[in-house]
Amino acid sequence: MPTAAGETQPGLSFDGFKAVMSNRSFRMLFWGQAVSALGDWVGTLAFIAAADQLSGGNAFAITGVLVLRLVPTLFATPIGGVVADRFDRKRIMIWSDIARFAVILATPFVPNLIALYIFAFVHECFSLVFLPARDATIPNLVPADRLEPANALVMGSSFAGIPLSGPVYGAMAAIALHFPAVPTQSRWLEHPWGLAFVFDAFTFLLSAWFIARVTMPPREQRDGQASERFGAMLRGGIGYVRSKPILIGLSFAVSLGLLGGGVLFAKGISYVKETLGGNDVAFGYLMGIFGGGMVLGFVGSQFHSERGAMWTLRGALVAMGGVLITMALIPALWMAYIMASVFGLTFALAIIIGMTQAQLLTTDEMRGRVMAIVHILVRLALLVGAVMAAGIGAIFKDGLRVPGLNYRADSNQVALAIAGALIAAGVVGVRGKRERSG
């Protein structure tokens with residue numbers, strides 16, 4: 001796929017995967033991410049299980065844990081972006097992993113709901129300091145024409161932990177239930193989620209060990225950057241994005257894709273149960289197929305179009321919108337399974353291409369802040385999508401009758417159709433921003 005830094009031959013090729021995995025420093029970063037991502041997904045299940053038990057099954061308590069993992073986005077991510085541009089990125093990643101190790105290891109020893117909320121909040125803050133440093137580091141480890149396979153592998157390692165997390169958590173819980181209680185005041189191993197937190201903690205320590213073996217090339221920093229005030233650096237990052245229409249277009253594109261993802265995640269289970277008449281098993285299959293589609297997207301990112309990256313990105317967004325509209329118009333379980341795989345594929349493509357192009361179009365001294373903005377948009381778009389889905393569901397709680405037809409769409413179908421139409425219509429805006437930037 002043509003990029004801002006060079007040209008690649010059109011067609012499907014996996015040489016990029018082989019090339020980046022032969023790079024020892026990238027390989028160390030990859031394995032560190034793979035290990036800690038698995039631990040983090042196991043830890044997420046542990047947080048949910050702990051909140052459920054400590055609150056006596058209160059659903060709002062579980063929601064509270066998830067919300068507290070989104071709130072730090074608004075302030076921890078900008079801090080992480082500035083820190084990534086001011087200090088040594090390798091050290092930032094190592095110390096962030098060590099901090100997360102300490103926070104997660106302490107969590108089961110203070111088994112009360114308020115402490116659980118505090119630990120979840122602090123853990124997410126360190127994660128949002130880690131991520132901009134990681135994403136700003138990748139272009140320093142691999143050539144520009146290998147960024148897409150590198151990003152695909154890192155993202156793949158992050159999501160590959162999802163199907164493994166359930167069995168690992170189950171094994172940890174089973175061991176904890178049969179383990180003699182430790183003679184401490186907290187008696188943490190009496191809780192089935194205690195050992196899962198310990199497992200999660202040590203994956204971060206292992207990740208720090210891998211990252212310590214990454215060899216970082218020297219960085220060139222602008223004169224005075226090391227002593228520049230935090231506020232000035234933050235404003236500089238925002239101003240940098242605003243001064244580049246193509247980055248605004250990419251931000252818009254990524255936000256569109258994630259908004260659709262937020263709607264689908266929020267409405268997925270009610271769509272399966274209420275609209276399609278399925279059950280929890282059917283929903284599990286749907287999400288598993290979506291994950292399989294994402295794997296196809298990681299592989300498909302190595303197909304290089306003659307028309308370029310932005311053309312592929314727009315095509316992925318159009319397909320995502322079309323998927324949601326099709327699911328709304330044809331409420332059948334078999335169609336939902338097919339569409340879930342297509343949505344996963346195009347969802348992964350949009351994120352990989354957007355991330356890669358943002359890295360290529362950003363100077364190294366600004367890259368940490370730009371990557372921080374990308375992560376803010378990712379989380380906010382998912383949140384806005386979920387809130388939008390809930391709002392549409394409330395407005396159209398009785399469904400919507402299609403004029404001229406003896407047919408009524410329920411609130412889930414209406415939400416999916418509106419989200420799909422917004423994504424498809426928004427592609428025009430992506431194209432316009434891209435063309436004006438040229």
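**A residue, the spaces and the rings**

Modeller: Ser411 is placed in helix H16 (residues 411-437), a helix being a DSSP run of H or I with at least four residues, numbered from the N terminus. This is a predicted model, in which local features need pLDDT of at least 70, side-chain atom pairs count only at pLDDT 80 or more, and totals for chains, interfaces and linings use all residues. Residues are numbered from 1 along each chain as its sequence is written, and side-chain values use heavy atoms, with hydrogens and water left out.

Biologist: Why does Ser411 count as buried?

Modeller: Because its relative accessibility is 11%, and buried means under 20% relative accessible area, exposed over 50% and partly exposed in between, with a 1.4 Å probe and protein chains only.

Biologist: And which residues does Ser411 touch?

Modeller: Leaving out residues up to four places away in sequence, Ser411 touches Lys267, Gly393, Phe396, Lys397 and Gly399; contact means heavy atoms within 4.5 Å.

Biologist: Changing topic, what is the volume of the largest cavity?

Modeller: The largest cavity holds about 90 Å³ of space. On a 1 Å grid over the protein atoms alone, a cavity is a set of points where a 1.4 Å probe fits but cannot get out, and lining residues have an atom within 4 Å of a point. Grid points are joined across faces, edges and corners, and a volume is the space filled by probe spheres set on the points.

Biologist: Which helices supply at least two residues each of its lining?

Modeller: Those are helix H11 (245-275), H14 and helix H15 (364-395). The lining of the largest cavity includes Val241, Ser251, Gly354 and Leu377.

Biologist: Now the rings: how many aromatic pairs are there?

Modeller: The structure has 8 aromatic pairs. Rings of Phe, Tyr and Trp (its six-membered ring) pair if their centres lie within 6.5 Å, with planes under 30 degrees apart counting as stacked, over 60 as edge-to-face and the rest as tilted. One of them, Trp193 with Phe197, is edge-to-face, at 6.0 Å centre to centre and 80° between the planes. Both Trp193 and Phe197 are buried.

Biologist: What about Phe343 and Phe347?

Modeller: Phe343 and Phe347 form a stacked pair, 6.0 Å centre to centre with 20° between the planes. Both lie in helix H14 (residues 333-360), 4 residues apart, about one turn of the helix.

Definitions and conventions. 1 Å grid on protein atoms, 1.4 Å probe; cavity = no way out; pocket = protein on both sides within 12 Å on 5 of 7 lines; lining within 4 Å.
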